[in-house]
Amino acid sequence: MRISIDWLKEFVNVPSSTEQTADMLTMLGLEAEQGLDTANLSDIIIGEVKEKIKHPNADKLSLCQVFDGNNTLSVVCGAPNVDTGQKIAFAPVGSVLPGDFKIGKAKIRGEVSKGMICSESELGVSDEHDGIMVLNDDAKVGSSFVQYIQENAPSIELDITPNRPDCFSHLGVARDISVKISSPLHSPDYQPRPFTKSEVEDWISVEFENIDECPRYIAGIVKNVIVGPSPDWLKNRLESIGQRSINNIVDISNFVMMEMGHPTHMFDYDKFGSKTVFIRRGKKGEKITTLDEIERKLSPEQLLITNGKIPVAIAGVMGGLDSAVSKETTTVLIESAFFDAPTIRKGAKSLGMSTDASKRFERGADPNGAENAFWRVIQLLEEVAGGNWVAGVADPYPKIIEQKPIELTREKLDLLSGCDINDPFVLLTLKGLGCTVIGKSKKWMATPPSWRPDLEREVDLIEEVIRLFGFDNVPSKYHYNGIMENHEPDPHKGLTIMTSVLTGLGFTQVFNNSLQSSREVSLLDIPSVKIMNPLSDKMDQLRTSLIPGLLKTADFNVKNGEPDLLLYEWGNVFEQENPGMAGIVEKLQLSGMIHGLLHGESVHHKKKRSASFFALKGVIESFLSRLQIQNILIKPDKDNDYGFQNAFSVEAKGNIIGYFGDISHQFVSGMNLDINQSFGFQFDLNTLLVLTNKTVKYIPIINYPVVERDLNFVVKENTLVGDIVSTIQKNGKSIIKKVEPYNIFRDESVGENKKAVALKLRFQSNSKTLEDKDVNSVINEIIRVVSKIFSAKLR
């Protein structure tokens, strides 16, 4: 939005330099830069029209003599407003206008033209193109046009954030400057009109279909208006911000919007078609031709202003052409309303429209500003258009909007600001912004003004106080602590190691949606969390496991010719342990699966190797070993609820850290997948992160020799080899380094329901060379304990 510096000066004292004003507004949160781009205007100079005669060969052209400060040049001009004695913006031969348009010497209808007299549109100053730009009489001929425009029409371009609708006006911007520099704010000079008897009821009434969509609609009548050109002061104000003057009636509406920030609209009362304004939603099949002369198809998406029968305007967006003000207009119906912001935004977007009015309404207008703008329009219509106000106002205001008070405490202000902002400054700032404040120190109750819908919480008031105090006045602190301080800056740093290890083992990481269907989550007996407003029935539950997502990814790859897969994923899963939001438990998991061949036949492998339970077990052991998680215990888990058949749990330091096994066929059938038997694992990732969060210690190489022994035990068929290995490790004292089963033998000679388990034991001392007596004593103890616990016999 473009702001005129001269216009701002009507309301507040601004710094003498436009650059200083722009810097101040930027630091106030209103990003600003000098408004007019003069980069392409350096060739333009100020000229003077010394003579104007009719072109001898063209009725609509003039032949002018232009003095450029040095020479008098012949120039052909087609503008109707060019005249002798005018100071003008002159583009001499060789100059370049915006749009890379180069001026050359030309012959127009037989007359030589040595340059161009420019309009505001050609210079990029505004959209005005009906005539040339006429400068002030005191403009110095031959001087730079850029210097002239910066001195006489300085402006600033603001990039206003969506939460500051109050700054879409000169008055709103002036209010911020007023508080910042502690200078009085001068509001526009108008007053509501008193009246003893209301006559407007005989002219117009207002009715609503839904008061939530239009809480307030003010209507009034001004008769005997004379439509014509606007006075120079009004034209100049609009042109200073790049707007073109249309006529005095339309210009008044645009002027009030740019001055006070509240859009209004003028209907030709005699074309309105009834004495009733009815605000309602559009109906399918309705049409309206808007002021831009485009016929638009309407629907229930748009809020309309109607005469009780047909639409006359799209509420908050644009008026209709059929009821527009024209040269013949003598009586105008004034609209100054407050519309629901989302309603206007949705309506404008559905039509692909964006207007100055819709930009303001969809960000949140001022309900009380509707009344202020109405009286300002009444005043200007009488002054500028010679109208007579019909006493009375149609202002039913069926849904009064009130601002809620907000408590501001000194404790919270000091905490968030990090500096000392004294009580008088807080009080003056809040009152200067328009708040009604009760309290003097430590605690204030502030009721925001109606033009600040963005002030809803205590933190909003604190932001306003700090903003006006000055972000550059808040002392810098060179540390990185905060309210959410965590002594562990990167609690998930171990993930990098895990992903690296899994990648080295041949796995590929995948990412799946955390939303799943009811059918998918029902495959596991885990209470799921339902989504309140799901986008579809395929994403109406939060996932309870990562396995279904991995299987769907595998199925997609199998169907596209890639059946050999090693996949893993880490992420959050969710469980509804108890009713309500507090009963939702979020868990961080790491899951993976293998499917197809681990490797095929090649020069490196004589035989292909398929995915299997034991292949997965080896992968898990290698993975945990690389993470320095030692002495794991693997046990069968018959009560597994995580979707594994032939399931085993993995324990470390006495706690279960995960599960693995054959992935249940219920997933394949329940999800209609086209994959073969697959094998998977699931780990509690938080537990893994704790186990891996340790400093790896250096262990020197042992220079003493290794002693190996073999033991062969006959045990019952249901005895787990892993339990035997764990028992040996516990009783190996400090010299046993490794226990590895290398053969399981079953035969009648061994015994019915018996098996022989051969194990290789590796012994090594850190301090000496082991002798037979050192090793034999440990082996004898191992044989004794294993025989006792497992009823084993040495074979």
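Me: Is Asn631 buried or exposed?
Reply: Asn631 has a relative accessible area of 64%. Buried means under 20%, exposed over 50%, and partly exposed in between (1.4 Å probe, protein chains only). So Asn631 is exposed.

Me: What kind of model is this?
Reply: Numbering runs from 1 along each chain as its sequence is written, and side-chain values use heavy atoms, leaving out hydrogens and water. Local features need pLDDT of at least 70, side-chain atom pairs count only at pLDDT 80 or more, and totals for chains, interfaces and linings use all residues, since the model is predicted.

Me: What is the phi of Asn631?
Reply: Most residues other than glycine have a negative phi. Asn631 sits in the loop between α18 (613-626) and β36 (633-636); helices (H or I, at least four residues) and strands (E, at least two) are DSSP runs, numbered from the N terminus. Its phi is positive, about 55 degrees.

Me: Where is Asn753 found?
Reply: Asn753 is not a glycine, yet its phi is positive, near 55 degrees. Its relative accessibility is 57%, which counts as exposed. It is found in the loop between β41 (736-745) and β42 (754-763).
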